[in-house]
Amino acid sequence: MENQPSDRMPAAENPEDLARRVEREQRAMLRQREDDLGDSLAPFRVGSVPYLNAVPLTRGLEDQVLFVTPAKLAEMLRRDELEAALVSVTEVLFNDRYDVLDGIAVASLGEVKSVFLAHRRPLVEVQQVFCDTASLTSVNLLRILLAEQGLRPEFKPLASYEAAAMPDFALLIGDPALDFLHASRPHEIWDLGAAWYELTGLPFVYAVWALRRGIDNQRLRRQLREAKDFGMETLDYIIQSRSDYDYDFRKDYLGWHIHYHLCAEEKRGLAKFAQLLRKHGLGPVFEPQFVS
């Protein structure tokens, strides 16, 4: 007699087996996504900043991206040594030679944590501000925020991030700013993201993907969007797997203080920033050209 197909349903997985199977499938999916992005950028040359806040935007592309400071990225873009870079937003406002990849930014709505003025004396006493030489957008944001209070100090380059040698007024950005934030210090912190929100009620956009204008980069734009989507989908993994600072700080910083979309409100904030740059004589300022 021939064997008859069984009508019985397969045995249900217990919760532990189900969780392990789901985890295996998720790991396999992540590996496949990483493999798909693995060799996608060539022949395009792409740069980004070596800061924690930009990590989700290059997910899966890390081995193909050059990581240097905002100021260095801007220099390389101007020399046509890169086709795309995650640059300080002033680079695209002050130079009418780039397109901006729509929908993606490094932004905050309020306190940002990694862009601030460290000060030992009251703001009204500021005469000189020493600035991280990597900074482009943040120094202009600080100029605006102080000028709106009638304060116009002299700006000089910061020689050292050593806490013991930190001057009375210092503009710090990125991971070095976070290091200083976590250190013992006599300085108070004036968070520029919070100050901007208090002034305008709008998000502030710190960085965008700037693309060299006039070249065929449709495939590059698609890959950068896919990397950002991958980063957002695996943000919990990024937060858990990094070793920067502590878990709770990474979770708040990447999941709350920083956001990565460039939508209508962010563009309103960008337009307000451009308006205030012009108002305080920090131009000429060009309208950003967005591409999808």
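1. A residue counts as buried when its relative accessible area is under 20%, as exposed when that area is over 50%, and as partly exposed in between. Phe273 has a relative accessible area of 0%, so Phe273 is buried. Please keep in mind as you read that this is a predicted model.

2. Here is the overall picture. The protein chain has ten helices and 13 strands. Of its 292 residues, 49% are buried. The accessible surface comes to about 14700 Å², and carbon and sulfur atoms account for 49% of that surface. If you take the contacts between residues at least 6 apart in sequence, 78% of them join residues at least 24 apart.

3. Next, the interior. In soluble globular proteins, nonpolar side chains tend to be buried together. In this model the largest nonpolar core has 92 residues, and Phe273 is one of those with the most contacts inside it, along with Val46, Val129, Leu142, Leu172, Trp190 and Leu224. Which strand gives the most to this core? Strand S11, residues 204-212, does, with eight residues.

4. Setting aside its neighbours within four places in sequence, Leu172 is in contact with Ser114, Val115, Phe116, Ala118, Leu158, Tyr161, Met166, Ala177 and Phe180.

5. With a relative accessible area of 0%, Phe230 is buried. Thr58 lies 172 residues from Phe230 along the chain, yet the C-alpha atoms of the two are separated by 8.7 Å.

6. The buried residues of H10 are Glu266, Gly269, Leu270, Phe273, Ala274, Leu276 and Leu277. Seen down the helix axis, these buried residues fall within an arc of 165 degrees, so they line one face of H10. On the other side of the helix, Ala264 and Lys279 are exposed. As background, an α-helix has 3.6 residues a turn, so residues three or four places apart point the same way.

7. Now to the rings. A pair of aromatic rings is described by the distance of the centres and the angle of the planes. A search of the whole structure finds seven aromatic pairs. One of them joins Trp196 and Phe273 edge-to-face, at 6.1 Å centre to centre and with 90 degrees between the planes. This pair links distant parts of the chain, since Trp196 is in helix H6 (residues 192-200) and Phe273 is in helix H10, 77 residues apart. Trp196 counts as buried because its relative accessibility is 0%.

8. Phe273 has another ring partner, Phe204. The ring centres of Phe204 and Phe273 are 4.9 Å apart and their planes lie at 75 degrees, so this pair is edge-to-face. Phe204 in strand S11 and Phe273 in helix H10 are 69 residues apart, and their pair links distant parts of the chain. Both Phe204 and Phe273 are buried. Ring pairs join Trp196, Phe204, Tyr206 and Phe273 into a cluster.

9. Some backbone details deserve a check by eye. Most residues other than glycine have a negative phi, and most peptide bonds are trans. Where are the cis bonds listed here? One joins Ala42 and Pro43, with omega about 10 degrees, and Pro43 lies in the loop between helix H1 (15-37) and strand S1 (46-48). Another joins Gly283 and Pro284, with omega about 5 degrees; Pro284 is in the loop between H10 and strand S13 (290-291).

10. Asp80, which is not a glycine, has a phi near 60 degrees. Asp80 lies in the loop between helix H2 (70-78) and strand S3 (84-88) and is partly exposed, with a relative accessible area of 31%. Lys113, also a residue other than glycine, has a phi near 80 degrees. Lys113 is in the loop between strand S5 (103-108) and strand S6 (115-119), and at 22% relative accessibility it counts as partly exposed. Just after H10, Gly281 takes a positive phi of about 70 degrees.

Terms used:
Residues are numbered from 1 along each chain as its sequence is written. Side-chain values use heavy atoms; hydrogens and water are left out. A nonpolar core is a set of buried Ala, Val, Leu, Ile, Met, Phe, Trp, Tyr and Cys residues joined through side-chain atoms within 4.5 Å. Buried means under 20% relative accessible area, exposed over 50%, partly exposed in between (1.4 Å probe, protein chains only). Helices (H or I, at least four residues) and strands (E, at least two) are DSSP runs, numbered from the N terminus. Contact means heavy atoms within 4.5 Å. Accessible areas come from the Shrake-Rupley method with a 1.4 Å probe; for residues, only the protein chains shown count as cover. The arc is that of the directions from the helix axis to the C-beta atoms. Rings of Phe, Tyr and Trp (its six-membered ring) pair if their centres lie within 6.5 Å; planes under 30 degrees apart count as stacked, over 60 as edge-to-face and the rest as tilted.
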